[in-house]
Amino acid sequence: MKLHCEVEVACRQLPALGLRNRGRGVRAVLTLCQQTPRSRPRPRVGVETGGRDSTCLLISTLKDKCGTRYELKENIHQFFTKFVDEGKATVRLKEPPVDIYLSKANSSSLKSFLSAVRLAHRGCDVEASLSTLAPIKTSEFEKFKTKMVITSKKDYPLSKNFPYSLEHLQTSYCGLVRVDMRMLCLKNLKKLDLSHNHIKKLPATIGDLIYLQELNLSDNHLESFTVALCQSTLQKSLRSLDLSKNKIKALPVQFCQLQELTDLKLDDNELIRFPFKMGQLKNLRFLSAARNKLPFLPSEFKNLSLEYLDLFGNTFEQPTELPVIKLQAPLTLLESSARTILYNRIPYGSHIIPFHLCQDLDTAKTCVCGRFCLSCFIQGTTTMNLHSVAHTVVLVDNMGGTEAPIISYFCSLTCYVNSSDMLK
């Protein structure tokens with residue numbers, strides 16, 4: 001029985017001697033082997049081995065194919081399996097006093113392997129097939145492939161799985177109409193490129209790829225980017241997202257919860273608006289949304305701090321001279337309550353208030369004074385020089401312009417009158 005993963009063997013006595021462990025795992029093959037009386041090491045004091053052949057753990061690396069052998073029977077102090085679903089675990093041995101850190105393993109294979117190790121520790125028969133003590137072949141380490149690039153349909157694997165250790169997978173020009181569920185089992189993926197296919201819908205389980213940093217979905221047939229993905233673990237991991245050359249008309253308000261985004265490409269879609277809370281993407285540095293149908297920019301767009309911005313070829317409208325007035329006096333109970341909740345940052349959710357009220361709060365407008373308004377506001381449109389939010393700006397049109405219309409909201413008549421931009 002074998003397990004392919006990264007391994008670090010740490011001696012627990014080193015810190016007491018003022019020394020440190022290396023702190024880095026290496027690719028290894030773990031094998032459960034049957035020990036014959038001749039191959040068995042000298043027993044530890046106080047432990048009877050009996051006449052029956054015992055099971056040992058053999059850890060082999062590319063530099064040490066013969067491997068290091070560890071006895072298992074009554075020799076395991078503790079298992080640490082809190083993160084076993086992420087392909088991580090630790091086995092603490094009694095003798096020698098070492099901790100064996102396992103990582104980047106297939107979670108199901110790791111669980112099966114640990115179950116067999118427990119049986120060996122108890123001295124029970126291991127039902128899995130045991131290997132003989134022999135050096136590992138170099139071909140075994142070829143399974144540790146971390147990058148795979150497929151750029152044609154004929155090369156796409158149909159009868160075998162992707163190597164579980166992949167960190168970078170590209171499957172372009174393969175004619176995919178949906179995301180292959182086998183990809184979603186690659187828990188170590190950091191970069192996934194599905195560009196130039198025919199994918200129409202994204203499964204929510206993409207959000208289970210906890211290490212995913214780059215996602216390229218350009219040149220597909222996507223019409224949306226779901227709320228489930230915006231609220232998944234991608235919030236903490238995703239750095240780069242390419243949705244260019246699709247059929248997306250709008251992004252959900254929750255899209256702005258992808259707080260780690262630094263690069264966002266939305267060129268050649270059918271976007272008619274950006275999310276209201278666009279300014280919350282504090283880490284965004286590269287934004288490209290050329291050749292869409294944007295008539296204006298949201299008010300929080302001015303809170304961005306970009307290095308590069310491309311909005312060329314959008315259908316920007318000229319600012320209207322007259323504002324849209326939707327003020328009410330006195331404020332409705334709904335409006336007053338919503339403003340209070342948002343201003344005081346009171347937590348809310350569908351488990352506390354009805355879902356439609358959560359949606360209203362999520363789409364609340366932000367006044368230039370920093371307060372919030374729901375449906376009682378004054379809406380005005382002004383122009384903004386894009387150099388105020390980006391160091392490098394691609395011209396908005398063929399006339400050399402770098403200005404674009406931006407919507408501003410005012411929670412009261414006082415805020416509207418005090419706005420110097422509106423009085424110019």
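Figure 1. I325 is exposed, with a relative accessible area of 57%. This value lies over the 50% above which a residue is called exposed. The model shown here and in the other views is predicted. I325 belongs to strand β16, which covers residues 324-325. Together with L327, L413 and V417, I325 makes a nonpolar surface patch of about 360 Å².

Figure 2. L311 is found in the loop that runs between β15 (306-310) and β16. Its relative accessibility is 0%, so L311 counts as buried. The C-alpha atoms of L311 and L62 lie 51 Å apart in space, and the two residues are 249 positions apart in sequence.

**Figure 3. Close-up of the largest pocket.** Rolling a probe the size of a water molecule over the atoms shows where empty space is left. In this model, the largest pocket holds about 560 Å³ of space. Its lining consists of 24 residues, and those nearest the centre are V253, K277, Q280, Y348 and D362. Helix α5 (residues 355-362) gives the largest share of this lining, with 5 residues. Sorted by class, the lining residues of the largest pocket are 9 nonpolar, 11 polar and 4 charged.

**Figure 4. Close-up of two arginine–aspartate salt bridges.** Side chains of opposite charge can pair when their charged atoms come close. The structure holds 12 salt bridges. In one of them, R92 pairs with D99, and the closest N and O atoms are 2.8 Å apart. R92 is partly exposed at 24% relative accessibility, whereas D99 is buried at 4%. R182 and D180 form another salt bridge, with 2.7 Å between the closest N and O atoms. R182, at 21% relative accessibility, counts as partly exposed. D180, at 16%, counts as buried, because the limit for a buried residue is under 20% relative accessible area.

Figure 5. The side chains of R339 and E335 meet in a salt bridge, at 2.9 Å from N to O. Because R339 and E335 are 4 residues apart in helix α4 (residues 333-343), about one helical turn separates them. Both R339 and E335 are buried. Elsewhere, salt bridges with shared partners join E6, R27, K104 and E167 into one network.

**Figure 6. Close-up of two cis peptide bonds.** E95 and P96 are joined by a cis peptide bond with an omega of about -5°. P96 lies in the loop between β6 (89-93) and β7 (98-103). A cis peptide bond also links A329 to P330, where omega is about -5°. The loop that holds P330 lies between β16 and α4.

**Figure 7. Close-up of two loop residues with positive phi.** D219 is not a glycine, yet its phi is positive, near 60°. This residue, D219, lies in the loop between β11 (214-216) and α2 (227-230). With a relative accessible area of 30%, D219 is partly exposed. K245, also a residue other than glycine, has a positive phi of about 60°. The loop between β12 (240-242) and β13 (263-265) contains K245. At 47% relative accessibility, K245 counts as partly exposed, because only values over 50% are called exposed.

Key:
Residues numbered from 1 in each chain as written. Predicted model: local features only at pLDDT ≥ 70, side-chain atom pairs only at ≥ 80, totals over all residues. Heavy atoms only, no water. 1 Å grid on protein atoms, 1.4 Å probe; cavity = no way out; pocket = protein on both sides within 12 Å on 5 of 7 lines; lining within 4 Å. Points joined across faces, edges and corners; volume = space filled by probe spheres on them. Nonpolar A, V, L, I, M, F, W, Y, C, P; charged D, E, K, R; others polar. Patch = residues over 30% accessible without salt bridge, like charges linked within 9 Å, V, L, I, M, F, W, Y side chains within 5 Å. Areas by Shrake-Rupley, 256 points an atom, 1.4 Å probe, with all protein chains shown as cover. Salt bridge = Lys/Arg side-chain N within 4 Å of Asp/Glu carboxyl O. Buried < 20%, exposed > 50% of the residue type's maximum accessible area, 1.4 Å probe, protein only.
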